[in-house]
Amino acid sequence: MKVVLFCGGYGMRMRNGTADDVPKPMAMVGPRPLIWHVMRYYAHFGHKEFILCLGYGAHHIKDFFLNYEETTSNDFVLRKGRTELLSTDISDWTITFAQTGIESPIGERLRRVRHHLDGDEMFLANYADVLTDAPLPEMIEKFSQRDAGASMMVVPPQSSFHCVELGEDNLVGGITAVSDMPLWENGGYFVLRQEVFDHIPENGDLVADGCAQLAKQGRLVAHQHRGFWKPTDTVKERAALDEAYARGERPWAVWEQDSAAVGA
């Protein structure tokens with residue numbers, strides 16, 4: 001299945017006080033940017049046709065792949081001055097680079113790459129800045145069996161704050177951690193059918209317009225995931241992932257786990 005990645009936003013909360021034009025998916029986690037980790041996740045499950053919805057800082061993403069260095073994340077042999085790779089990352093990937101506008105909302109970016117889907121009835125979509133170990137084949141299989149227009153992965157609230165229940169005279173009736181409440185957040189991993197385009201107006205949004213309309217019609221399903229899921233909306237969150245990578249704690253790297261199991 002083709003994978004549409006939204007990677008053209010400003011990512012202002014990732015700036016860390018610096019003025020640059022690096023889009024958020026290009027923030028580094030270990031030796032590779034976020035977008036690479038997301039793409040490796042999909043490729044691991046056999047989905048290697050990518051459509052990148054470019055916008056802000058597009059040249060950084062283009063340059064990364066046009067000048068891709070396989071030796072950064074693959075073992076190799078240097079023999080008589082020539083490099084012999086023992087494995088590769090992207091040699092069998094197909095990547096379409098599509099400029100979808102600087103200010104375009106997510107839904108409009110999706111509309112502008114519709115023709116690149118070649119009429120495929122089902123396809124995948126992602127914000128390109130969230131890492132997870134979610135079982136993608138299960139997500140796709142469950143959706144394929146449903147009569148629905150879209151599936152959205154949902155996760156428990158990530159906030160560490162507490163909600164306070166107030167009664168009369170401002171007496172506190174109860175305190176509940178947000179993460180313990182019966183709420184779910186949009187996890188940013190989608191399985192979509194072409195039907196979603198019927199509900200996204202020009203300059204519309206994928207979730208607020210497309211998914212919201214499908215939900216009203218009872219045609220939006222959720223895939224609940226309680227496993228590993230981490231966003232990178234802030235510098236602190238991205239740094240935490242980078243530190244985890246350095247410690248060897250990277251549950252999102254399902255390709256490494258399966259390789260280790262084979263070699264065991």
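These notebook entries follow what I looked up in a predicted model.

**Ground rules.** I number residues from 1 along each chain as its sequence is written, and my side-chain values use heavy atoms, with hydrogens and water left out. Because the model is predicted, local features need pLDDT of at least 70 and side-chain atom pairs count only at pLDDT 80 or more, while totals for chains, interfaces and linings use all residues.

**Helix H5.** I looked up helix H5, residues 206-216, where helices are DSSP runs (H or I) of at least four residues and strands (E) of at least two, numbered from the N terminus. Leu206, Gly210, Cys211 and Leu214 are buried there, which is to say under 20% relative accessible area, with exposed meaning over 50% and partly exposed in between (1.4 Å probe, protein chains only). Seen down the axis of H5, these buried residues fall within an arc of 80°, so they line one face of the helix; the arc is taken from the directions from the helix axis to the C-beta atoms. On the other side of H5, I found Ala208 and Lys216 exposed.

**Ends of H5.** Asp205 caps the N-terminal end, with a side-chain oxygen 3.0 Å from the backbone nitrogen of Val207. After H5 comes Gly218, whose phi is positive, near 70°.

**Arg32.** Where does Arg32 sit? I placed Arg32 in strand E3, residues 32-33. Arg32 counts as buried because its relative accessibility is 3%. Leaving out residues up to four places away in sequence, I noted that Arg32 touches several residues, including His37, Phe64 and Asp89, where contact means heavy atoms within 4.5 Å.

Terms used. Polar contact = N/O pair within 3.5 Å; in protein donor to acceptor, adjacent residues only side chain to side chain.
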